[in-house]
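Dear colleague,

Please find the structure below, handed over for your own work.

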Amino acid sequence: MNAVSPARGGRLIVVSNRVALPRQTATGGLASAMRSALQERGGLWFGWSGKIANQTAGTLRYQQDGPVRYATMDLSRSDHDHFYDGYANRTLWPLLHYRPDLVDYNRGHLDGYLRVNRLFAERLAELIEPDDVIWINDYHLIPLAAMLRQRHIRNRIGFFLHTPLPADGLLITLPRHRELLGTLASYDLIGLHTARDQRSLEDYFVHELGASLRRGHRLRYGDRRFRAGVFPIGIDTQQVAQDAKQADSLEEIAQLRASLDGRVLIIGVDRLDYSKGLPQRFEAYARLLERAPEMHRKVSFLQIAPPSRGTVPEYRQIRRELERSAGHINGTYAAPDWAPIRYVNNSFPHSLLSGYYRHAKVGLVTPMRDGMNLVAKEYVASQDPDDPGVLVLSRFAGAAQELSQALLVNPADTEEVADALEQALSMPLAERRRRWRSMMDVLEKQDITAWRQSFLGALTD
Ligand code: GDG
């Protein structure tokens with residue numbers, strides 16, 4: 001415990017629901033960003049082990065890797081079900097993705113969510129030293145700072161929300177929203193992907209909670225002063241570009257190429273999640289085939305969608321829906337030597353994905369809502385600069401704020417998406433190059449290193 005004011009140069013403590021342990025392949029951009037921030041500064045990564053406890057939950061297990069210590073705990077079955085499957089994934093996730101119709105509000109889930117956050121706070125408080133800087137990630141852990149403050153932790157604490165934040169009119173539909181969202185004031189800095197999310201946060205605090213807003217996005221609520229900032233997450237642009245180039249020599253890429261037999265590839269890669277707009281995307285592709293018979297046998301749409309959150313009913317439901325839709329499209333249009341859609345429920349190594357992206361003439365990224373969407377950025381970074389593909393991107397992905405040279409679409413408007421696909425498939429090389437270069441400039445400048453440095457810079461400033 002500590003009661004002294006923090007100095008600037010201490011360890012970094014990263015807290016996230018899931019921890020990418022050493023020797024585990026870091027699965028996303030976020031995991032590697034956190035890992036390199038910790039390597040650079042030294043520190044601790046704290047969170048759930050990903051395991052359900054056989055006996056006592058909440059006991060910390062430690063691993064050390066160079067300057068980085070990992071502290072993880074198992075959760076009991078019931079805590080896991082209420083906290084993770086329940087409140088995080090069936091209440092907050094749909095709400096934050098503008099789907100109040102899917103919000104499953106259950107008091108037991110909220111209790112479980114608060115219980116796990118309290119357990120995190122208890123264990124973490126014992127490990128914090130006076131000059132540590134704490135970076136808490138995502139909607140699973142909203143009340144954690146408030147619970148640490150109750151334990152007299154006065155360090156700088158930052159929070160980053162990886163999802164969108166909807167407008168206050170929607171946030172207030174969450175039962176007991178004040179109790180939960182009001183705790184955000186316990187952070188010193190709240191990071192969001194876009195200015196729209198930042199506006200939602202400010203409006204909520206000002207109009208719902210009566211906070212006052214000052215210059216520089218500074219908020220004052222009760223005795224707390226804190227700030228909301230826009231920090232659009234990036235990718236490891238150079239690494240992705242290099243992986244994509246090297247993937248050309250992989251056997252799997254040669255196989256993909258051979259199987260296409262000269263056809264143009266359209267690619268989509270998404271966690272199987274209702275926020276990603278997959279049913280509408282399939283429909284838009286079907287619309288393209290319907291109105292452009294000249295495209296038949298000339299295109300192939302590869303949708304990679306590794307299943308996620310399979311114990312949540314809405315996720316099982318969307319999986320069934322997509323299987324039906326893909327079957328219907330192939331049933332309607334396929335020929336003995338041509339399947340218009342290849343729908344794959346596996347996950348692939350990141351380096352291979354980059355190779356698939358590079359081979360696709362169109363990247364189709366059409367979430368209904370997305371905090372950022374890293375796939376859109378990875379698609380762009382994977383392209384061959386001499387012959388780049390075209391990104392068709394939802395206006396409602398955070399990435400659209402930066403990648404304005406993509407073909408931006410409303411994912412619910414299947415005609416508009418079909419138009420964009422046609423435009424992408426016939427776009428002249430000079431225009432493709434021009435659009436790609438402008439997007440790549442952004443990705444090179446605002447990469448994952450710049451993201452973590454600017455967030456941590458603002459937090460410790
Ligand atoms: C949340 C927010 C925000 C996908 N399939 C495979 C695979 N992936 C990788 C992608 C990408 C990552 O997973 C997915 O990131 P996204 O940003 O697209 O989406 P979420 O998982 O929903 O992430 C989102 C993000 O947090 C960061 O703040 O952008 O808005 O929802 O890196 O490449 N990776 C591997 N195999 C696959 O089959 N290895």
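Which helices each supply at least two residues of the shell around the ligand? They are α12 (350–359) and α13 (374–381); helices here are DSSP runs (H or I, at least four residues), numbered from the N terminus. Please note that this is a predicted model, in which local features need pLDDT of at least 70 and side-chain atom pairs count only at pLDDT 80 or more, while totals for chains, interfaces and linings use all residues. Residues are numbered from 1 along each chain as its sequence is written, and side-chain values use heavy atoms, with hydrogens and water left out.

The ligand site

The ligand is surrounded by 20 residues, of which the closest are His162, Phe348, Asp370, Leu374 and Glu378; a residue belongs here if one of its heavy atoms lies within 4 Å of the ligand. By class, this shell comprises 10 nonpolar, 6 polar and 4 charged residues, where Ala, Val, Leu, Ile, Met, Phe, Trp, Tyr, Cys and Pro count as nonpolar, Asp, Glu, Lys and Arg as charged, and the others, Gly among them, as polar.

Polar contacts are pairs of N or O atoms within 3.5 Å. A nitrogen atom of the ligand lies 2.4 Å from a backbone N or O atom of Phe348. For Met372, a backbone N or O atom is 2.8 Å from an oxygen atom of the ligand. The side chain of His350 has an N or O atom 3.0 Å from an oxygen atom of the ligand. Of the 740 Å² of accessible area that the ligand has on its own, the protein covers 86% (Shrake-Rupley method, 1.4 Å probe).

Helix packing

The axes of α8 (residues 237–247) and α12 come within 7 Å and cross at roughly 75 degrees; axes are lines fitted to C-alpha atoms over the stretch in contact, and angles run from 0 to 180 degrees between N-to-C directions. The two helices α8 and α12 are therefore roughly perpendicular (65 to 115 degrees). In this contact (heavy atoms within 4.5 Å), Val240, Asp243, Ala244, Lys245 and Ala247 of α8 meet Ser351, Ser354, Gly355 and Arg358 of α12. These residues divide into 3 nonpolar, 3 polar and 3 charged.

Helices α10 (residues 278–291) and α11 (residues 313–333) pack at about 10 degrees with their axes 10 Å apart, which makes them roughly parallel (under 35 degrees). Their contact has 10 nonpolar, 1 polar and 2 charged residues.

Yours sincerely

Key
A polar contact is a pair of N or O atoms within 3.5 Å; within protein, one must be able to donate a hydrogen and the other to accept it, and residues adjacent in sequence count only if both atoms are side-chain atoms. Angles under 35 degrees count as roughly parallel, over 145 as roughly antiparallel, 65 to 115 as roughly perpendicular and the rest as oblique.
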